[in-house]
Each structure stands twice: as C-alpha cells, then as structure tokens.
Amino acid sequence: MQLIETKESQNYLDLAKSLAKEFAETAVIRDAKGGTPKHERDRLRQSNLLKLIVPTEYGGLGQSWITVLQITREFAKVDSSIAHVFSYRHLGVVIPHIFGSTEQKQSYYSETIRNNWFWCNALNPLDKRTTLTPDITNRIFEVMGARATSAKYGFDRYWRNLRTFTLHDPVDYKVRDIGNWALNDKLPKPDFYS
C-alpha cells in the first residue's frame with residue numbers, strides 16, 4: 001500500500017469528483033424518497049473505486065487510506081449517505097486483514113475483487129455518544145425554530161447527517177488509547193477506531 005499521493009491517486013480523486021457531481025444532481029430527491037442508492041452503488045462498482053484499498057497482490061489498486069478518505073470527503077460534500085456506505089465499505093473490506101488469518105485475508109480480498117462485492121455496514125459498533133450535538137442543535141433551533149427539521153427545505157438531511165457523524169467519531173477512543181498508553185504503559189490494541 002502506497003503512502004504518498006501519486007498521479008494515479010489523483011486520477012482516482014478526479015474520477016470521484018466527477019461521480020460526486022453526478023450524485024449531487026439526484027441527492028435531495030433520493031433522500032426524500034428514502035430507500036437504497038442502488039444506481040449510485042452500481043456506478044461506484046463500475047468505477048473500480050471499490051478496489052482502492054485492496055492490495056495489488058490480490059487484484060486491488062493498492063491505494064492508501066489517504067486516497068480513500070479524500071474520495072469519501074468528495075462524496076460527503078454532496079451526499080453523506082454515499083460517503084457513509086463508501087467509507088464503511090472500505091472498512092469492512094480490511095476486517096479480515098486486521099483481525100483474520102492469512103488465509104482469510106487472501107480469500108476475502110480475492111473474492112471481493114472477483115465478485116466486485118460492495119461490503120456495507122458489516123460493522124456497527126453502536127456508539128451512542130453525542131458530544132457536540134446538544135449545543136449545536138440548540139443553536140440551530142434558536143435560529144430556525146420549528147422549520148429546522150422541515151423536509152420541504154431539505155433541513156431534515158442535516159439532522160440525519162449530524163447523527164451519522166456524531167455516532168462515528170473515533171476521537172474519544174483515540175484519546176482513551178493514548179491516555180492508557182501514557183499512564184499505564186499499555187499499547188493500544190488494533191480496533192476499528194485506532
């Protein structure tokens with residue numbers, strides 16, 4: 001896996017920006033309808049961006065987390081649900097690499113590439129912390145009143161996005177691990193937030 005930005009990683013980022021522009025055209029309508037973004041997931045499959053984090057020896061593109069997260073940010077600018085499934089998909093793909101055996105890593109990477117699998121939400125740590133939400137939500141309600149959740153204006157998307165991002169914030173876990181290391185000489189154990 002490469003750790004520096006290359007011309008190749010820039011090409012993937014440019015492709016993602018093009019897809020994000022396409023996704024933006026229908027994001028509000030899709031969000032209002034609910035359901036699954038099947039067409040958008042198929043577009044991601046067709047783009048080969050699902051192969052980004054898989055090492056080249058298994059048929060993947062061998063890109064870094066930096067590239068994956070830059071692309072996730074591009075999707076998040078226009079559609080947080082697509083950004084969510086895209087980033088979670090990559091997290092799901094590396095679970096056997098982090099926690100599995102060599103055989104599992106080889107098998108799941110190879111099968112993922114062969115079948116163009118779209119792993120999504122295979123993991124949900126049920127993190128119920130809402131560190132910043134009360135203060136932010138109070139301020140929004142003060143300014144906007146009852147209209148703050150109106151689907152008519154697309155504000156309901158904000159609340160879902162806020163919930164998604166506050167429930168998937170790994171900072172507290174990292175602080176805990178650093179403190180445990182500094183105070184107790186305990187090295188962090190690899191997990192989904194380290």
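**Burial and overall make-up**

I began with burial: 37% of the 194 residues of the protein chain count as buried. I note that this is a predicted model. I then looked up the accessible surface, which comes to about 11900 Å². Carbon and sulfur atoms hold 57% of that surface.

Next I went through the secondary structure. The protein chain has nine helices and zero strands. Read from the N terminus, the elements run α-α-α-α-α-α-α-α-α. I also checked how far apart in sequence the contacts reach. Of the contacts between residues at least 6 apart, 63% join residues at least 24 apart.

**The nonpolar core**

Which residues have the most contacts inside the largest nonpolar core? I found L44, L49, L52, I71, F75 and F86. This core has 27 residues. The elements giving two or more residues to this core are α1 (7-24), α4 (65-76), α5 and α6.

I took L49 from that list and looked up its contacts, setting aside neighbours within four places in sequence. L49 touches Y12, L15, A16 and L19, among others. Its contacts also include L44, I71, F75, F86 and H90.

**Helix α1**

I turned to α1 next. It has 18 residues. From first C-alpha to last, α1 reaches 26 Å, close to the 26 Å expected at 1.5 Å a residue. Its buried residues are S9, Y12, L13, A16, L19, A20 and F23.

The face of α1 turned away from its buried side carries the exposed residues K7 and K21. I then asked what α1 packs against. Its buried residues pack against α2 (27-33), α3, α4 and α5. Two of the residues buried in α1, Y12 and A16, are also among the contacts of L49.

**T72 in α4**

I picked T72, which is found in helix α4. Is T72 buried or exposed? T72 is buried, because its relative accessible area is 12% and the cut-off for buried is under 20%. Leaving aside neighbours within four places, T72 is in contact with A83, F86 and S87. F86 I had already met in the core list. I also looked up the spacing to V85. T72 and V85 are 13 residues apart along the chain, and their C-alpha atoms are separated by 9.4 Å.

**Helix α6**

Helix α6 covers residues 102-115, which makes 14 residues. Its first and last C-alpha atoms are 20 Å apart, close to the 20 Å expected at 1.5 Å a residue. I list Y109, T112 and I113 as its buried residues. Seen down the axis of α6, they fall within an arc of 95°, so they line one face of the helix. E103 and R114 are exposed residues on the face turned away from that buried side. I looked for what covers the buried residues of α6, and the cover includes α5 (80-99).

**Q46 and N116**

Just after α6, N116 takes a positive phi of about 55°. I then looked across to Q46, which is found in helix α3 (residues 38-47). How many residues separate Q46 and N116 in sequence? They are 70 residues apart, and 9.1 Å apart in space, C-alpha to C-alpha. Q46 counts as exposed, because its relative accessibility is 54% and the cut-off for exposed is over 50%. Its side chain makes a polar contact with the side chain of R43, at 3.0 Å.

**Other positive phi values**

Most residues other than glycine have a negative phi.

- N48 lies in the loop between α3 and α4. At 34% relative accessibility, N48 counts as partly exposed.
- D185 lies in the segment after α9 (171-184). With a relative accessible area of 67%, D185 is exposed.

Methods
Residues are numbered from 1 along each chain as its sequence is written. This is a predicted model: local features need pLDDT of at least 70, side-chain atom pairs count only at pLDDT 80 or more; totals for chains, interfaces and linings use all residues. Side-chain values use heavy atoms; hydrogens and water are left out. Helices (H or I, at least four residues) and strands (E, at least two) are DSSP runs, numbered from the N terminus. The expected span of a helix is 1.5 Å times one less than its number of residues. Buried means under 20% relative accessible area, exposed over 50%, partly exposed in between (1.4 Å probe, protein chains only). The arc is that of the directions from the helix axis to the C-beta atoms. Contact means heavy atoms within 4.5 Å. A polar contact is a pair of N or O atoms within 3.5 Å; within protein, one must be able to donate a hydrogen and the other to accept it, and residues adjacent in sequence count only if both atoms are side-chain atoms. Accessible areas come from the Shrake-Rupley method with a 1.4 Å probe; for residues, only the protein chains shown count as cover. A nonpolar core is a set of buried Ala, Val, Leu, Ile, Met, Phe, Trp, Tyr and Cys residues joined through side-chain atoms within 4.5 Å.
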